[in-house]
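Subject: Structure handover

Hello,

Please look through it before reading on.

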Amino acid sequence: MSRCFVTRDLPGRALDRLRAEHEVDVWPDRFPPPRERLIESARSAQGLLCMLTDPIDADLIAACPDLRAISNYAVGVDNVDVAAATARAIPVGNTPGVLTEATGDLTLALMLASLRRLPEGEAAVRTGEWLTWEPAFLLGSDLHRATVLLVGGGRIGQAVARRLRGFGARVVVAGRDDPLDALLPEADVVSLHCPLTEKTRGLIGADELKAMKPTAVLVNTARGPIVDTAALEHALRAGEIAGAALDVTDPEPLPADHPLLTAPGALVVPHMGSATQAAREAMADLAVDNLLAGLRGEPMPQSVNPGAPS
Ligand code: DGY
């Protein structure tokens, strides 16, 4: 029996399976454990099941001499120093696949909401500005026949592409090494589906936003720091682009008084791409399977450093 620290309670029954085999300590709060508490609780653990809100850096890994498996409750592992874990032969698990369709659905919801100005329409109803039917009230842009540039052609990018073809959109996929400068001016929608790495941090900045059409919208369901927030706010206020629909932001959470929220065409939701009951339960199952396998010294079902089983 090993000792496991789980940094938040998870939906569904997956943690019961972990408890059946190991001693499990679950952080009970709504907010993530502060760093000192995270280190204190992880220090004596062999298994760590963590969230994207927990920075699992080299210092933390060094402070946990018994750690044998890290399981991240997310597909993105930008919060984990994978190199430091690999150097200690600690496998790092993640949760790809099970959240792909849910994230694809939310991406389409954001795209349509932004192109068709749903937040403005909803606000107009609530504030009494819906006075009559008008020929030119709240005119938006079409998704059908739009050219949609997907930055990242992995699982989620492909799921979004499948949905878009059903809508009659023209899909262009930019892979890891494709330069964006020639593609951005053609796109009616630019949707981000790449991981956050040193190469993609700030990928969409002032120059890229300027290169987009003034009628285009930016959608981000990947990671906030891929977009330069100040440049985006400027681009919206200057009319360089028509809208930005963001599931992820930098900083995250975005404070309620952040100036981006009052920029025209900004639509922000709280990192909920995978937030369906089924997806989050499936993520919990996979995260627990990864941890159980890592603690047994077996290959994890999903690992980002498969060469490093303990
Ligand atoms: C992930 O898995 O990386 C998402 O951002 C949260 O589900």
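A polar side-chain atom of His-271 sits 2.7 Å from an oxygen atom of the ligand, a polar contact (a pair of N or O atoms within 3.5 Å; within protein, one must be able to donate a hydrogen and the other to accept it, and residues adjacent in sequence count only if both atoms are side-chain atoms). For Ser-274, the distance from a polar side-chain atom to an oxygen atom of the ligand is 2.6 Å. Gly-76 takes part through its backbone, where a polar atom is 3.0 Å from an oxygen atom of the ligand. On its own the ligand has 230 Å² of accessible area, and the protein covers 90% of that (Shrake-Rupley method, 1.4 Å probe).

This is a predicted model, where local features need pLDDT of at least 70 and side-chain atom pairs count only at pLDDT 80 or more, while totals for chains, interfaces and linings use all residues. Residues are numbered from 1 along each chain as its sequence is written, and side-chain values use heavy atoms, with hydrogens and water left out.

The shell around the ligand (residues with a heavy atom within 4 Å of it) includes Leu-52, Ala-74, Val-75, Leu-99, Arg-223 and Met-283. By class, the shell has five nonpolar residues, three polar and one charged; Ala, Val, Leu, Ile, Met, Phe, Trp, Tyr, Cys and Pro count as nonpolar, Asp, Glu, Lys and Arg as charged, and the others, Gly among them, as polar.

On domains, the assignment (automatic or from a database) gives domain 1 as 3-97 + 277-296 and domain 2 as 100-268. Their centres, taken over C-alpha atoms, are 32 Å apart. Seven residues of domain 1 and five residues of domain 2 make the contact (heavy atoms within 4.5 Å).

There are zero disulfides in the structure (cysteine sulfur atoms paired within 2.5 Å). For Cys-50, the nearest cysteine sulfur is that of Cys-64, 11 Å away. Cys-50 is buried, at 0% relative accessible area (buried is under 20%, exposed over 50%, partly exposed in between; 1.4 Å probe, protein chains only). Cys-194 is also buried, at 11%.

Regards
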